[in-house]
Each structure stands twice: as structure tokens, then as C-alpha cells.
Amino acid sequence: MIPMNPHPAAPRRADPPEPDDPELGERVPELGWPVGVVSERLGIAAPTLRSWDRRHGVGPSLRTAGNHRRYTELDMRRVQLMARLTAQGVPAQSAADSVLGMDARAIADRLAAVGGAIGDGLRDVHDVHGVHDVPGVRGEGAAPVGLGSAVPDDDAVDLVEAIVAAARALDARTMSLLYRQVMRRRDVGRAWVEVFAPALRRVGDLWRDGRLGVQAEHLTSELLQSELRAVVRANRLRVAGRPVVLAGADDEQHHLPLLALEAELARHGVASLFLGPRVPAEALVSALRESRPRAVFLWASLARPSAEPLWRDLGVVDWPLEVVIGGPGWADGIVAPRGPVVLTRVEDFGSAVRALASDPGGLTR
Ligand code: B12
């Protein structure tokens with residue numbers, strides 16, 4: 001038997017979990033796997049494996065007494081995920097930061113989600129995209145932003161991961177390229193539901209858990225705002241008619257869902273009067289009286305006060321107005337003021353679009 005020594009040298013941002021952690025069911029093989037076997041099993045060239053170990057710290061956690069590298073099963077899964085991320089166009093360092101920040105459970109979940117048991121799944125990524133030629137990532141500007149046709153996809157999970165990795169690395173260029181890749185292959189509604197909202201949730205959770213700085217959250221949302229606005233601009237000649245009003249509730253700084261809605265509505269030819277975040281109730285009511293829209297959408301991520309001034313102020317509305325509210329901040333059981341206001345609560349993006357579009361049939365255009 002070859003005596004094993006823990007590899008003390010390479011500094012790791014997140015140490016691998018204890019190999020015999022019972023929760024993970026992970027056991028160090030009696031003999032770890034040498035580079036050649038890992039290369040064979042995963043279909044990754046040995047020099048690439050050595051380079052990932054040397055430069056990025058993603059490698060074997062064991063060495064023999066003779067200093068030969070030995071990979072555990074967990075090391076292999078980490079490498080496998082790294083390969084998937086780099087195949088998505090994530091720079092190696094960002095991918096390494098991401099996989100080194102994950103525990104065994106998170107890595108297993110990511111791989112399971114993309115069908116990546118050891119020994120399978122890699123070649124399909126290589127075959128479909130080509131490791132160094134990911135469509136959309138490097139071929140910037142090939143298709144109009146946000147106007148791509150809806151094609152079935154199975155890589156949303158990888159894209160979410162790649163965006164989160166770029167956020168953690170504050171890698172603005174990669175993040176923008178990923179956003180464009182997402183929208184090149186999906187319309188903006190699908191992009192929001194399948195990739196952007198899940199990525200935002202992950203970023204928010206990492207921030208809450210102290211594993212990502214607020215600067216990364218800002219970067220993620222700032223760049224996404226640009227991309228969503230580009231969709232609005234690209235569709236500016238399509239929109240017509242009386243605009244619907246889109247606004248964030250008073251004191252509500254989160255407004256990405258409003259931008260995504262504006263973009264999707266624009267795609268369907270629906271004009272919006274976009275008032276942005278933190279719209280005081282009084283100002284909103286003034287805007288409604290001036291523009292007399294058919295519908296207004298209000299977003300709230302943060303919990304609204306129980307005495308919402310808006311419901312009282314809406315009493316002045318004297319034309320048929322549909323007030324659509326969305327976001328987790330709204331309490332249950334809100335009652336619309338008497339009069340011509342109809343209050344609708346929507347739970348998801350698609351319902352919001354349907355509620356706001358004047359011509360629901362147009363949604364299939
Ligand atoms: C980006 C972001 C920011 C950015 C906002 C930039 C911008 N222009 O919007 C910045 C950095 C400014 C920010 C600030 C803050 N943030 Co913030 N932020 C986020 C983040 C990451 C994304 C927000 C977003 O766009 N959400 C949209 C989707 C992803 O939200 P969702 O709740 O998951 O959506 C649900 C439904 O609404 C539905 N859905 C999804 N999309 C859509 C679309 C439509 C139209 C509809 C109808 C439904 C729908 O599906 C989901 C349910 O399954 C969230 C994380 C999160 N989970 O939302 C935190 C989050 C909302 N923020 C949070 C906090 C605490 C703050 C701050 C208070 C922090 C602080 N101390 O300063 C401030 C808020 C200040 C204020 N007064 O508003 C918390 C809120 C916790 C809570 N419930 O109270 C969150 C949840 C992070 C977390 N996990 O803790 N934030």
C-alpha cells in the first residue's frame with residue numbers, strides 16, 4: 001500500500017471537507033487516483049489537470065510519499081465541475097473560485113442537475129460546445145439581443161453557476177458575455193425565469209450568508225440592468241398604445257423584475273411608463289392621474305408596512321384601473337379601495353406579463 005500524506009502546500013480558498021465526513025458519505029479511496037486515470041475517466045488532458053492544480057488549486061488533495069498526485073472521488077468531481085464551467089466560457093480562475101467555494105454536497109447537486117456522474121457528461125459538453133469555442137460567449141454580437149427564438153435548452157443550471165462564479169470574481173466582462181449568451185438563445189422572459197432570477201436568488205443567498213460581498217451583488221444587477229435596457233431599446237419601434245405604468249413600491253430599491261417586465265412587454269409591442277424604484281405613493285398617484293393608464297404594476301421585494309398609504313391614495317382614481325402587484329413583499333389579503341380599481345396579485349413573471357399585456361393573443365407572436 002502506498003502511504004498517503006495530506007497535501008500541505010497548495011493554499012485553498014475552501015478546504016475540501018473531511019474525507020470521511022459521514023454526512024457526505026465520501027471516503028478516501030485506499031489508493032487515490034493518479035492523474036492518468038483521472039484524465040482517462042473524465043476525458044480531460046493530463047497537462048490541463050496539472051495546470052488547474054498548479055495555477056488554480058483545483059487538483060488532488062493527496063500525495064504519495066514519493067510526491068505523486070492522487071485524486072479522491074471528491075477531487076474528481078471538483079475537476080469535473082471546473083471543466084463544465086470553463087466549457088461554458090467561465091475563465092479558469094473564476095471557475096476555480098466557484099468550485100473551491102463549494103462543499104461536496106453543493107458540487108454533487110450541481111453535477112446531478114446536469115447529469116454529470118463521474119465518467120459521463122463531459123464529452124457531451126465538449127462535443128456540443130467545444131471547450132474553446134462556446135457559442136455565444138466568444139461570438140459576441142452575432143444575434144440581436146433578446147430577440148432570439150426560444151429553443152429547448154438544458155444548460156440553464158450551468159449558466160446560473162457561471163454567472164454566480166463571475167459575480168464572485170467581480171469579472172464584469174465574463175458576466176456580460178454570459179448575459180448575452182443567455183439572451184441569444186432565449187427570449188427575455190425565459191431568460192429571466194430560467195437563468196436571471198435563479199442567479200439573483202443564489203447571489204442574494206450568498207450575500208445573506210456572508211459568502212459574497214455586496215459589491216458582487218451590485219455588479220450582477222448593474223450589468224443585468226444594461227442588458228435588459230438593451231432589449232427595450234432594440235424593441236423601441238415595436239411598442240405602441242397607451243403605456244402601462246411600472247413602478248417599485250415606496251422605499252423599494254429592487255427593480256430588476258420591473259426592467260425584465262418592461263423588456264418582455266416591449267417585445268410584445270406593449271409600451272411602458274417606467275418609473276423605476278422607490279416611487280413614493282403620492283408621486284405614483286400623480287403619475288397615474290396624469291397618464292391614466294389601463295394598468296399599473298407594482299413590485300416589492302421587501303415587506304410592505306401594514307398600513308400601506310397607497311391603498312388609501314388610490315381612492316382618487318376615477319377610471320377603470322387594474323393594479324397588479326408582484327413580489328414577496330406584499331402581504332396576503334390586501335383589499336382594493338372601493339371604486340373602479342381592480343387589484344390583482346401575480347405570483348410569477350408570466351402571470352404579470354399576461355395581466356399587463358392588452359392583447360394577450362399577441363403574446364404568442
Ligand atoms: C439585486 C439585489 C439588490 C440590489 C438591487 C438592485 C436593483 N436595481 O434591483 C441592491 C444591492 C441595491 C439591494 C439592496 C438591498 N437588498 Co437586496 N437583493 C438583491 C437580489 C440579489 C435580487 C433582487 C431581485 O431582483 N429579485 C427578483 C427575484 C429573483 O426575486 P424573488 O423574490 O426570488 O422572486 C420570487 C417571486 O417574486 C417570483 N418572481 C420572480 N421573478 C418575478 C418577476 C415578476 C414580475 C413576478 C410577478 C414574480 C417574480 O419568483 C420568486 C418566488 O419563487 C435579492 C435576492 C432575491 N432573492 O431576490 C436580494 C434581497 C431581495 N435583498 C435583500 C436585502 C435585505 C436588501 C437590503 C435591505 C440590504 C441592506 N441592508 O441595505 C437593500 C434594500 C434597500 C431597499 N430599501 O430596498 C434581501 C431581502 C430579505 C427580505 N425579504 O427582507 C434579499 C432577498 C437577499 C437575501 N437573500 O437576504 N439588493
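Trainee: What space lies in the largest cavity?

Mentor: Picture a 1 Å grid over the protein atoms alone: a cavity is a set of points where a 1.4 Å probe fits but cannot get out. Its volume is the space filled by probe spheres set on the points, with points joined across faces, edges and corners. Here the largest cavity has about 50 Å³ of space, and the count of cavities of 30 Å³ or more comes to one. Keep in mind that this is a predicted model: local features need pLDDT of at least 70, side-chain atom pairs count only at pLDDT 80 or more, and totals for chains, interfaces and linings use all residues. Also, residues are numbered from 1 along each chain as its sequence is written, and side-chain values use heavy atoms, with hydrogens and water left out.

Trainee: Which residues line the largest cavity?

Mentor: Lining residues have an atom within 4 Å of a point. For the largest cavity, these are Gly248, Ala249, Asp250, Val279, Ala281, Leu284, Leu298, Arg304, Glu308 and Leu310.

Trainee: Now the pocket. What is the volume of the largest pocket?

Mentor: A pocket is an open set of points, with protein on both sides within 12 Å along at least five of seven lines. The largest pocket here has a volume of about 1300 Å³. It is lined by 37 residues, and Leu200, His254, Pro257, Trp299 and Ser301 are the closest to its centre. By class, 18 of the lining residues are nonpolar, ten polar and nine charged.

Trainee: Which element gives the largest share of that pocket's lining?

Mentor: Elements here are DSSP runs numbered from the N terminus: helices are H or I with at least four residues, strands are E with at least two. The largest share of the pocket lining, ten residues, comes from α9. Among the elements giving two or more residues are α9 (188–208), α10 (214–234), β6 (295–299) and β8 (341–346).

Trainee: Why does the pocket lie between domain 1 and domain 2?

Mentor: Domain bounds come from an automatic or database domain assignment. Domain 1 (4–228) and domain 2 (239–364) both give residues to the lining, so the pocket lies between them.

Trainee: What is the protein donor to the cobalt atom of the ligand?

Mentor: Donors are N, O and S atoms within 2.8 Å of the metal (3.2 Å for Na, K and Ca), and since water is not among the atoms, sites may look incomplete. The cobalt has a single donor from the protein, NE2 of His254, 2.3 Å away. His254 sits in the loop between β4 (240–248) and α11. Gln253 lies in that loop between β4 and α11 too.

Trainee: Is Gln253 buried or exposed?

Mentor: Buried means under 20% relative accessible area, exposed over 50%, and partly exposed in between (1.4 Å probe, protein chains only). Gln253 counts as exposed because its relative accessibility is 52%. Contact means heavy atoms within 4.5 Å; setting aside residues up to four places away in sequence, Gln253 touches Pro277 and Arg278.

Trainee: And where is Ala247?

Mentor: Ala247 is in strand β4, and Ala247 is buried, at 0% relative accessible area. Beyond its neighbours within four places in sequence, Ala247 contacts residues including Leu258, Phe297 and Trp299. Its C-alpha lies 9.3 Å from that of Ala300, 53 residues apart along the chain.

Trainee: Why is helix α4 largely enclosed by the rest of the structure?

Mentor: Seven of the nine residues of α4 (residues 92–100) are buried, so the rest of the structure largely encloses this helix. Its buried residues are covered by elements including α2 (46–56), α3 (73–87), α5 (104–113) and α7 (156–168).

Trainee: What is phi of Leu170 near?

Mentor: Phi of Leu170 is near 50 degrees, a positive value in a residue other than glycine. Leu170 lies in the loop between α7 and α8, and Leu170 is partly exposed, at 45%. Arg292 isn't a glycine either, and has a positive phi of about 40 degrees.

Trainee: Last one: how many helices and strands does the chain have?

Mentor: The chain has 14 helices and eight strands, and 50% of its 365 residues count as buried.

Terms used
Ala, Val, Leu, Ile, Met, Phe, Trp, Tyr, Cys and Pro count as nonpolar, Asp, Glu, Lys and Arg as charged, and the others, Gly among them, as polar.
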